[in-house]
Structure formats: structure tokens, C-alpha cells
Amino acid sequence: MRILIVEDEESLADVIKQGLEEEGYAVDAVYNGEEGLFMAENEPSDLIILDIMLPVIDGMAILKKIRKAGIKTPVVMLTAKDTIMDKVSGLDSGADDYLTKPFSFEELLARIRALLRRHTEARTSVLMVANLTIDTATHEIKREGKEIPLSAKEYALLEYMAINRNKVLSRTALTEHLYNQDFDLDSNVIDVFINRVRNKIDRGHDIKLIHTVRGAGYMLRG
């Protein structure tokens, strides 16, 4: 999944970015409100981490603008303010969650997972595709009860395909959800990762779950 961080404290943004990338997310980070608004309006993201106190355009104004534009991407607000009225104002403006600085990365990560599950209508932490189970809380993958080890990027690819199971996903869509905006979309890295994941989850099984749709992309079907 792809996450946008809009935070003017560059050291904090970079720490969050590194932590999320280690969890398998694709992450873009910008450090002022003008860039944040542009990215939110023009680059596809699955979730936005948005600081309130930003230069150029503050986070609350960004939130109101994107909601007015019909952008429904989940937003976690970050702020040093901790009064009830500040939180109410943020939530009333369209925020999905609210974290007061300082906060633990583990809490942020748990809230991100909860919001992504809610937004994709995956109400349980376990996704099931035929006899394949994906625990989004522990990143444990099993098929017919046998655990399958995946790298962070392989897991991210499989989880995104499971959330969109029975849908054809183009190489571009998969790349945009695995890598940040600087990645070369013409790279064949998605084909490489698809082959790795396919070998791990389909090898030895009569029923194949990952399918190539010629000229269109890939599908996880089951």
C-alpha cells in the first residue's frame, strides 16, 4: 500500500518513512503544505499522514480542500495540540484518526493498519482467498495451514492483490502501490515479484491463485 507523509519536521518524517518502508509500504514524504496538497490531489495514495502545523498551507486547510474535492483517502492527523476542541475540529473536517505528538511508531502503525482495513472493507485482520490466509496484523501467510515466508515487498504485493481479489491489476497500478513517485514505472520489477510470489504460494498446488491476464496485468483469483 502507498502512503503519503506531509510533515515539516523532516527528521520525524524520515523516521516514519523508514519505519513504514521496512513494513513493506511504499512511502512518499513532503515537507510543506503546498507540496502536500499537490501530492494528495494528483498522486494516488492509500493513506495520508498529515501534520496540522505546516508552512505555506496548514494541514487543516489541506484536509478541507481534498474532502471538498471528493478525495476519500483515509487521513491520520498529527499535531502537538492535544485539546479536545482541536481533535473535534480535525475529525469534523474529515480526518479519520488523530495522533498527538509525541507518539510511538507502533501505535501509528496499528492505526494505519486499522484504517486501511476499514477503508478496504476488510473488517477482519485475516484475508482469505480460497485456501490461502493472510493475517494483516502479523503478516503471516498460510496455504492449507502451511506457513509461507515472504519478504516485505512480496507480502505488500500479495496483500494488495488479496484486498483487490478477483480484479485485474495493471503493472502500473501494482508499481504505484509498492514504490514511491521516483520509481521507474517502466521497470519489470513487478513481473519479477509476481513470479517470486507465484512460486511460493502456487507451487505444488493444482489450483493456481495468481493469474496473468494478457495485455492487462495480474489477478489473484479464488
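The following legends describe the whole chain and then several close-up views of a predicted model. Residues are numbered from 1 along each chain as its sequence is written. In this predicted model, local features need pLDDT of at least 70 and side-chain atom pairs count only at pLDDT 80 or more, while totals for chains, interfaces and linings use all residues.

Figure 1. Helices (H or I, at least four residues) and strands (E, at least two) are DSSP runs, numbered from the N terminus. Along its principal axes, the C-alpha trace spans about 55 × 35 × 30 Å. Of the 222 residues, 48% are buried; the term means under 20% relative accessible area, with exposed over 50% and partly exposed in between (1.4 Å probe, protein chains only).

**Figure 2. Strand S2 (residues 26-30) is paired with strand S1 (residues 2-6).** The two strands run in the parallel sense and share five bridges; strands count as paired if DSSP finds at least two bridges between them. Within this pair, Ile 3 stands opposite Val 27 in S2. Five of the five residues of S2 are buried, so this strand is largely enclosed by the rest of the structure. In a regular strand the side chains alternate between the two faces of the sheet. Both faces of S2 are covered, with buried Ala 26, Asp 28 and Val 30 on one side and buried Val 27 and Ala 29 on the other.

**Figure 3. Ser 45 occupies the loop between helix H2 (33-42) and strand S3 (47-51).** Ser 45 is buried, with a relative accessible area of 16%. Apart from neighbours within four places in sequence, Ser 45 is in contact (heavy atoms within 4.5 Å) with Arg 2, Leu 4 and Thr 73.

**Figure 4. Four strands form an open antiparallel sheet in the order S6-S7-S8-S9.** Strands S6 (126-129) and S9 (146-147) stand at the edges, each with a single partner strand, so one side of each is left without a neighbour in the sheet. S6 pairs with strand S7 (residues 132-135) in the antiparallel sense over four bridges. Leu 127 has Ile 134 in S7 as its bridge partner. Strands of a sheet pair through backbone hydrogen bonds, either parallel or antiparallel.

Notes
Heavy atoms only, no water.
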